[in-house]
Amino acid sequence: IARIIALGFADPCRPLPSTTRLTSHATARHGFAFLKESVFVTAPTAAAVLEQLFEKGAQVLNLLALCRTPEFYPVWSQGPELLRRFARLLLKQGHPTLALEVAARGLAEKAYPNDLDLMFCRALALARSGNPTRASFFVREMLDRSDLPPAIHSDALSLTGRIRKDMAARTSNRPVRLTRLREAFGFYKQAFDLSGDTFPGINAA
């Protein structure tokens, strides 16, 4: 994580260790029979990979490995949807470090630096990776924006509440802990007032 933060991002197209690396379409076909032939087109497309990712039981890590091979590099520049889907699924499956790499790559200056969904995934990945300070910095940047859709705004407020709770749990200083918990309550309440979602409502209660 320290290396990722220091550099800004770690390229998810970087080859994985030899035990999981896919080096060619042929290797992918024979070693990963679950992949549909639609992925192996003359010019690989993000749409074909997304089709696989939206299927139940998608082999996310293997598809990410495939997209890290030179033949599949172009898919990363075909819109932010693939990066968003990978980041969300990696978070869901408990791989925050990989999710952080994917989101950070998408937010690179020459990619999609203003993509709000990737911004949220980056902050959430940092929080789940045990870096609440850095997560707080990025989610604060989001909340300072005036263009957040209600759903993402609510998610960002809830995440800020969760980060404050994490910070409260990390300190043995009672006054500081109580302050952090009051702050968490305030952010959860804002999220609930904005969206009516039960998740921040339950946490606020």
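Thr179 counts as partly exposed because its relative accessibility is 30%; the classes are buried under 20% relative accessible area, exposed over 50% and partly exposed in between, with a 1.4 Å probe and protein chains only. Thr179 lies in helix α10 (residues 174-195), where helices (H or I, at least four residues) and strands (E, at least two) are DSSP runs numbered from the N terminus. The C-alpha atom of Thr179 is 10.0 Å from that of Lys165, 14 residues apart along the chain.

The model is predicted: local features need pLDDT of at least 70, side-chain atom pairs count only at pLDDT 80 or more, and totals for chains, interfaces and linings use all residues. Residues are numbered from 1 along each chain as its sequence is written, and side-chain values use heavy atoms, with hydrogens and water left out.

The chain has eleven helices and zero strands, which gives the pattern α-α-α-α-α-α-α-α-α-α-α along the sequence. Of its 205 residues, 44% count as buried. Among the contacts in the chain with a separation of 6 or more, 60% are between residues 24 or more positions apart; contact means heavy atoms within 4.5 Å.

Helix α6 (residues 96-106) packs on helix α7 (residues 116-128) at an angle of about 150 degrees, with the axes 8 Å apart. Axes here are lines fitted to C-alpha atoms, for helices over the stretch in contact, and angles run from 0 to 180 degrees between N-to-C directions. The angle makes α6 roughly antiparallel to α7, given that angles under 35 degrees count as roughly parallel, over 145 as roughly antiparallel, 65 to 115 as roughly perpendicular and the rest as oblique. The crossing of α6 and α7 is left-handed, a term used if the near helix is turned anticlockwise from the far one by less than a right angle, with right-handed used if clockwise. On the α6 side the contact is made by Pro96, Ala99, Leu100, Ala103 and Gly106, and on the α7 side by Leu118, Cys121, Arg122, Ala125, Leu126 and Arg128. By class, the contact of α6 with α7 has eight nonpolar, one polar and two charged residues; Ala, Val, Leu, Ile, Met, Phe, Trp, Tyr, Cys and Pro count as nonpolar, Asp, Glu, Lys and Arg as charged, and the others, Gly among them, as polar.

The axes of α7 and helix α8 (residues 132-143) come within 8 Å and cross at roughly 155 degrees, so α7 and α8 are roughly antiparallel to each other. Their crossing is left-handed. From α7 the contact takes in Leu116, Met119, Phe120, Arg122, Ala123, Leu126 and Ala127, and from α8 Arg134, Ala135, Phe138, Val139, Glu141 and Met142. These residues divide into ten nonpolar, no polar and three charged.

Phe120, found in helix α7, counts as buried because its relative accessibility is 6%. Beyond its neighbours within four places in sequence, Phe120 is in contact with Arg88, Met142, Asp155, Ala156 and Leu159.

α8 passes α9 in a left-handed crossing. The α8 residues in contact are Pro132, Thr133, Ala135, Ser136, Val139, Met142 and Leu143, and those of α9 are Ile152, His153, Ala156, Leu157, Leu159, Thr160, Ile163, Arg164, Met167 and Arg170. This contact has eleven nonpolar, four polar and two charged residues.

Aromatic rings are the last topic. Rings of Phe, Tyr and Trp (its six-membered ring) pair if their centres lie within 6.5 Å; planes under 30 degrees apart count as stacked, over 60 as edge-to-face and the rest as tilted. The count comes to two aromatic pairs by this rule. The ring centres of Trp76 and Phe86 are 5.7 Å apart and the planes are at 35 degrees, so this pair is tilted. Trp76 is in the loop between α4 (60-67) and α5 (81-92), and Phe86 is in helix α5, ten residues apart. Trp76 counts as buried at 4% relative accessibility, and Phe86 counts as buried at 0%. For Phe137 and Phe138, the ring centres are 5.3 Å apart and the planes are at 70 degrees, so the pair is edge-to-face. Phe137 is partly exposed at 41% relative accessibility, whereas Phe138 is buried at 11%.
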